[in-house]
Amino acid sequence: MISMKYQSTRSAAVSASSTAAVLQGLADDGGLFIIKNFGGFDWQGTLSLNTFGMAEKILGALLPDFDAMPELVQRAYTGKFETDELTPLVKVGERYVLELFRGPTSAFKDVALSMLPQLITAARAQEGVTDEILILTATSGDTGKAALAGFCDVPGTKIIVFYPDEGVSKVQKAQMVTQEGENVCVCAVRGNFDDTQTGVKKIFAAGVPKNCGVRLSSANSINIGRLAPQVVYYFKAYADLLHSGRIQTGDAVDYVVPTGNFGDILAGYLAKRMGLPVGRLVCASNRNDVLTDFLRTGTYDRRRPFYKTLSPSMDILVSSNLERLLYLLCENEEEVAGYMRHLNEDGAYTVPAAMREKLHEEFGFGCCDDAQTKETIGRVWKEHGYLMDTHTAVAWKVAEGYRSNAPVVVLSTASPYKFPAAVLSAIGGDTDGDEFEIMARLHEMTGVPVPQGLATLQSKAVRHTDVIDREQMQAYVLGKVEKWN
Ligand SMILES: *Cc1c(COP(=O)(O)O)cnc(C)c1O
């Protein structure tokens, strides 16, 4: 059996049940909740189940305190994705693409953010919490919409999403401001993403008044409830290769993951710890290659320029979930706390050579700049007739430079229609006009269907028009809380 108790990566004394960990998000000492004993999971039996069955079994094992996991899984996913498989595996040339973007908002975050609201409401009931849960999110685009769709009309929850008025694309903005639901609220903040994020952090630090009837929570991937659902698709891809006769049980499969906050790839590592024969996990970065450097040298150094790239969801310098990997490799809370202190105070830390070697056994790495990203999209389209988004292209390019005898699965994290201008120009199309015109032209040129949620966007009514200054964010939240009561 997988161990029942979650604990902080920074202190064994800070522990929690899986329901409490989901409700709390971050541990009290600033660490992340993790378990270390993954033994005894029936991974082989799991491979014969359908995707929903796999999700029930894997989530039931990772989050053992939830009373009714099968119902939660059904409620989270039934009818929400383009296919009941949730995450189809497609053969492209010699490799396989694991399409994680077939959910309601066409980004891979749907897989986790469809499930998280069910986990939070169940945890709230089981823990006897009567306050409503208010999710606060600052978004640079994808997370906000996926969280809105996930939490829309989920009883016992409310959600406020702040986005920078000058920081999101036209399509992303349209996705958010047309969001339906009685419990959702979307507000633009004058400034950039950092301004918005800082504002939200301040609200969390200040808290809301006691007895106001709500409790704040986050939909960020520091929450173990957002990580656990991502373990499922690693099993699902492996099962697909098995059932198509491409591999036999026990054969290794490599996974190449376009990485930002290190959540997606860490879920792959959890799958491996649970017994799945994962070969290498290959971490693919864009020009912001802080993780690639770390994996190569053992030094994590965030003191470097920040680049805006064509794969914006991977533009990140501090990858929070790496802390969980460090812990799993050393199982020493003081050591992890030390690394995080150095990161905070000096902007860098170095792990010992022994840990670097362990990393090299389990992980590959590589990076890819914008020019290579575009070249890859164009070439894969021409050679294989497969259209990929900019994030997926980073992973594909890194996969090409990576030698392996095992089958290689490239994780695809967004629909090409979420980043239509870059994709259209990569295949040689004319990118005049606004994003909706570009989407239409991309469809004309390729024949690849536009996902339903994006195709119907332009005809939807705008429901959220608030625009505020950063200094007004806290008052805005308190005003909403009052109004809702
Ligand atoms: C969030 C995101 C990623 C990065 O995933 P992490 O779990 O943060 O590593 C990659 N691609 C897309 C499209 C994303 O939205």
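A cavity is a set of grid points where a 1.4 Å probe fits but cannot get out, and its volume is the space filled by probe spheres set on those points. In this predicted model, the largest cavity has a volume of about 60 Å³. The structure holds 2 cavities of 30 Å³ or more.

**The ligand and its surroundings**

- The ligand has 15 residues around it, and Lys109, Gly260, Asn261, Asp264 and Thr413 come nearest.
- By class, this shell consists of 5 nonpolar, 7 polar and 3 charged residues.
- A polar backbone atom of phenylalanine 262 is 3.1 Å from an oxygen atom of the ligand.
- For glycine 263, the distance from a polar backbone atom to an oxygen atom of the ligand is 3.2 Å.
- Aspartate 264 has a backbone N or O atom 2.9 Å from an oxygen atom of the ligand.
- Taken alone, the ligand would expose 380 Å², and the protein buries 96% of that area.

**The largest cavity**

- Which residues line the largest cavity? They are Thr51, Ala55, Tyr77, Leu86, Thr87, Val111, Pro229, Val232 and Tyr233.
- Two elements give two or more residues each to this lining, namely helix H3 (51-62) and helix H9 (224-243).
- Helix H9 provides the largest share of the lining of the largest cavity, with 3 residues.
- By class, the lining of the largest cavity has 7 nonpolar and 2 polar residues, and no charged residues.

**The second largest cavity**

- The volume of the second largest cavity is about 50 Å³.
- The residues that line the second largest cavity are Lys80, Pro104, Asp110, Leu113, Ser114, Ala146, Ala149 and Gly150.
- Helix H5 (109-126) and helix H6 (142-151) are the elements that give two or more residues to the lining of the second largest cavity.
- How many nonpolar, polar and charged residues does the lining of the second largest cavity have? There are 4 nonpolar, 2 polar and 2 charged residues in that lining.

Terms used: Residues are numbered from 1 along each chain as its sequence is written. This is a predicted model: local features need pLDDT of at least 70, side-chain atom pairs count only at pLDDT 80 or more; totals for chains, interfaces and linings use all residues. Side-chain values use heavy atoms; hydrogens and water are left out. A residue is near a molecule or strand if one of its heavy atoms lies within 4 Å of it. A polar contact is a pair of N or O atoms within 3.5 Å; within protein, one must be able to donate a hydrogen and the other to accept it, and residues adjacent in sequence count only if both atoms are side-chain atoms. Accessible areas come from the Shrake-Rupley method with a 1.4 Å probe; for residues, only the protein chains shown count as cover. Ala, Val, Leu, Ile, Met, Phe, Trp, Tyr, Cys and Pro count as nonpolar, Asp, Glu, Lys and Arg as charged, and the others, Gly among them, as polar. On a 1 Å grid over the protein atoms alone, a cavity is a set of points where a 1.4 Å probe fits but cannot get out, and a pocket is an open set with protein on both sides within 12 Å along at least five of seven lines; lining residues have an atom within 4 Å of a point. Helices (H or I, at least four residues) and strands (E, at least two) are DSSP runs, numbered from the N terminus.
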